[in-house]
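Biologist: I would like a close look at a single part of this protein, taken slowly and with its surroundings kept in view. Here is the entry I have open.

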Amino acid sequence: MILIVGGYAAGKRAYARDVLGYRDEDMSRDVRSPAPVLYGLEDAPDTPLADLLRKDVVICQEVGAGLVPVDAGERARREAVGRLCIALAREADRVVRVVCGVGMVIKG
């Protein structure tokens, strides 16, 4: 499994297309979809790790940088996303951080 992380509109999906060879039809926001690429993990921090490990690629927006949210629920969601990405990175064959459309392999 490959984990791709990066900021909003950093080019994460384009990286999956252009570098990894996936098509738009191969990508879905729904973990239950048979699509091999899941994107938008930041909106589903309660997704079981086992379900994510079945995907070829998981794409997640970086949510840990910037101002700490005032809302306790948003802080908890942000922490849950971060912890899930840590668990995914441990299990991933490769982790790629995308900045300005450029992927930097940080694991694998």
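Which residues of α3 are buried? Please go on from there to what surrounds them.

Modeller: Please keep in mind throughout that this is a predicted model. The buried residues of α3 are R78, V81, L84, C85, A87 and L88, and what covers them includes the strand β1 (2-6), the helix α2 (49-53) and the strand β4 (57-61).

The N-terminal end of α3 is capped by D71, which places a side-chain oxygen 3.2 Å from the backbone nitrogen of G73.

In soluble globular proteins, nonpolar side chains tend to be buried together.

L41 is placed in the loop between β3 and α2, and it counts as buried because its relative accessibility is 2%, where the cut-off for buried is under 20%. Leaving aside neighbours up to four places away in sequence, L41 touches L84 and L88, and it also touches T47, L52, V58, I59 and C60. The C-alpha atoms of L41 and E62 are 9.9 Å apart in space, although 21 residues separate the two in sequence.

For contrast, consider D30, which is found in the loop between β2 (27-28) and β3 (37-39). With a relative accessible area of 31%, D30 is partly exposed, because that value falls between the limits of 20% and 50%. Not counting residues up to four places away in sequence, D30 touches L38 and K55, and a polar atom of the D30 side chain lies 2.9 Å from the backbone nitrogen of R32. D30 and A44, which are 14 residues apart in sequence, have C-alpha atoms 9.2 Å apart in space.

A compact globule of 108 residues would have a radius of gyration near 13 Å, and the protein chain has 13 Å, so the two agree. Along the principal axes, the C-alpha trace spans about 40 × 30 × 25 Å. Buried residues make up 38% of the 108 residues, and the accessible surface comes to about 6,200 Å², of which 53% belongs to carbon and sulfur atoms. Among contacts between residues at least 6 apart in sequence, 48% join residues at least 24 apart.

Key: Residues numbered from 1 in each chain as written. Predicted model: local features only at pLDDT ≥ 70, side-chain atom pairs only at ≥ 80, totals over all residues. Heavy atoms only, no water. Buried < 20%, exposed > 50% of the residue type's maximum accessible area, 1.4 Å probe, protein only. Helix = DSSP H or I, 4+ residues; strand = E, 2+ residues; numbered from the N terminus. Contact = heavy atoms within 4.5 Å. Polar contact = N/O pair within 3.5 Å; in protein donor to acceptor, adjacent residues only side chain to side chain. Rg over C-alpha atoms; globule rule 2.2 N^0.38 Å. Areas by Shrake-Rupley, 256 points an atom, 1.4 Å probe, with all protein chains shown as cover.
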